[in-house]
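Here is a short briefing to read alongside your model. Take a look at the sequence and the fold, and then we can walk through a few elements together.

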Amino acid sequence: MMTYDYAKYATQQAMALLAIDSPTGFTENAAVWVQNAFAELGFDAKRTVKGGVLIDLGGENTEDALLLEAHTDTLGAMVAEIKSSGRLRVTRLGGMEANNAETENVRVYTKFDGVYEGTFQLCNASIHVNGDYSTAKRTFDTTEVVLDENVKSDEDVKKLGISVGDIVCFEPRTRLTKTGYIKSRFLDDKLSVGILLGFAKYLKDNAITPARRVYVHVTVYEEVGHGGCASVPAGVTEAISVDMGCVGDGLDCTERQVSICAKDSGGPYSYEVVKKLIEAARLEQADYAVDVYPHYGSDVEATLSAGYDLRHGLIGAGVYASHGYERSHTDGVFNTLKVLKGYLGV
């Protein structure tokens with residue numbers, strides 16, 4: 001039986017993964033964690049050449065297989081310039097917004113010389129000094145990383161081993177409230193990886209073999225658009241992205257629901273798959289919403305763009321303040337798990 005304990009387990013797994021920095025292009029540690037987490041549940045989990053993790057959850061019919069896709073890469077930044085002041089100009093990785101990331105603590109991962117801490121600030125960030133503080137436009141040219149080191153020049157910074165191309169990771173600030181809300185940067189899409197681990201544990205605990213083969217692909221380049229372009233096993237006829245569900249003006253979904261996406265920036269999802277997802281939600285009495293996302297793209301669209309012949313869909317726990325300090329709820333996790341259960345008839 002799919003109980004709420006699996007939602008709690010999924011949330012805890014997501015929180016463990018959120019503690020591992022993994023912006024696009026810097027995902028090795030997170031991918032190793034994901035591989036080990038699925039392997040510990042007894043499933044075959046292998047690394048792809050690209051760096052993702054492909055997991056076989058078992059199932060009988062290998063000619064009508066289902067691929068579930070989620071991603072463990074997140075937003076972040078990269079050192080673009082070491083300024084003469086000893087500050088760092090950065091370029092974003094994925095859709096990080098400078099005005100959202102302002103004042104956040106960061107970690108700078110050097111290629112060979114360890115990790116350094118700092119803060120992402122507006123240039124000339126002291127309100128008592130900068131009369132234009134409130135009106136200054138926040139971009140990655142008007143902001144900078146202030147290192148927590150005694151550096152006054154570019155040479156001082158270079159002596160630390162920091163160089164152009166080093167990775168800048170933003171503090172996620174993960175918190176689970178007493179009322180079941182999970183708040184963190186990068187719930188997109190580490191919460192969904194936790195959900196898929198929860199679903200895998202449900203199959204394992206109940207010794208369930210699905211009627212159709214089920215694979216999971218945890219990708220590592222979704223935030224830059226090509227995460228799901230490869231590594232689709234033979235026999236897959238449907239792919240479903242388990243990614244964040246949008247919450248905002250003009251949409252019905254809340255953080256406590258599972259969102260079923262009918263259309264996003266890439267166009268409509270398979271009408272057949274959307275209908276089956278709705279039927280699954282109704283069958284399992286999951287609290288769900290069907291929405292159209294105005295600014296969104298997913299792994300399964302990358303899969304289709306790569307030329308794979310399959311039907312596609314997208315579901316996910318509702319997440320508010322996407323690409324910012326995000327919020328979801330364990331209820332949304334539970335409702336997503338129930339839709340997966342109903343869709344596969346397990």
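Just after helix H8, Gly345 adopts a positive phi of about 65°. Helices (H or I, at least four residues) and strands (E, at least two) are DSSP runs, numbered from the N terminus. This is a predicted model, in which local features need pLDDT of at least 70 and side-chain atom pairs count only at pLDDT 80 or more, while totals for chains, interfaces and linings use all residues. Residues are numbered from 1 along each chain as its sequence is written, and side-chain values use heavy atoms, leaving out hydrogens and water.

- H8 covers residues 330-344, and its 15 residues reach 22 Å from first C-alpha to last, close to the 21 Å expected at 1.5 Å a residue (the expected span is 1.5 Å times one less than the number of residues).
- Of the 15 residues of H8, 14 are buried, so the helix is largely enclosed by the rest of the structure (buried means under 20% relative accessible area, with a 1.4 Å probe and protein chains only).
- Helix H1 (residues 4-18) packs with H8 at an angle of about 115°, their axes 9 Å apart (axes are lines fitted to C-alpha atoms over the stretch in contact, and angles run from 0 to 180 degrees between N-to-C directions).
- Residues making this contact include Tyr4, Tyr6 and Lys8 of H1, along with Asp331, Phe334 and Leu337 of H8 (contact means heavy atoms within 4.5 Å).

**Helices H2 and H5**
- H2 (residues 28-40) and H5 (residues 187-205) pack at about 15°, with 10 Å between their axes.
- That angle makes H2 roughly parallel to H5 (the term applies to angles under 35 degrees).
- On the H2 side, Trp33, Val34, Ala37 and Phe38 meet Val193, Leu196, Leu197 and Ala200 of H5.

**Strand S15 and its neighbours**
- S15 (residues 258-264) is mostly covered, with five of its seven residues buried.
- S17 (residues 288-292) runs parallel to S15 and is joined to S15 by five bridges (strands pair if DSSP finds at least two bridges between them); here Cys261 stands opposite Asp291.
- S18 (residues 311-320) runs antiparallel to S15, with three bridges between them, and Ile260 stands opposite Ile315.
- S16 (residues 267-268) pairs with S15 in the antiparallel sense over two bridges, with Pro268 as the bridge partner of Lys263.
- A hairpin of two residues links S15 to S16.

Definitions and conventions. Buried < 20%, exposed > 50% of the residue type's maximum accessible area, 1.4 Å probe, protein only. Parallel < 35°, antiparallel > 145°, perpendicular 65-115°, else oblique.
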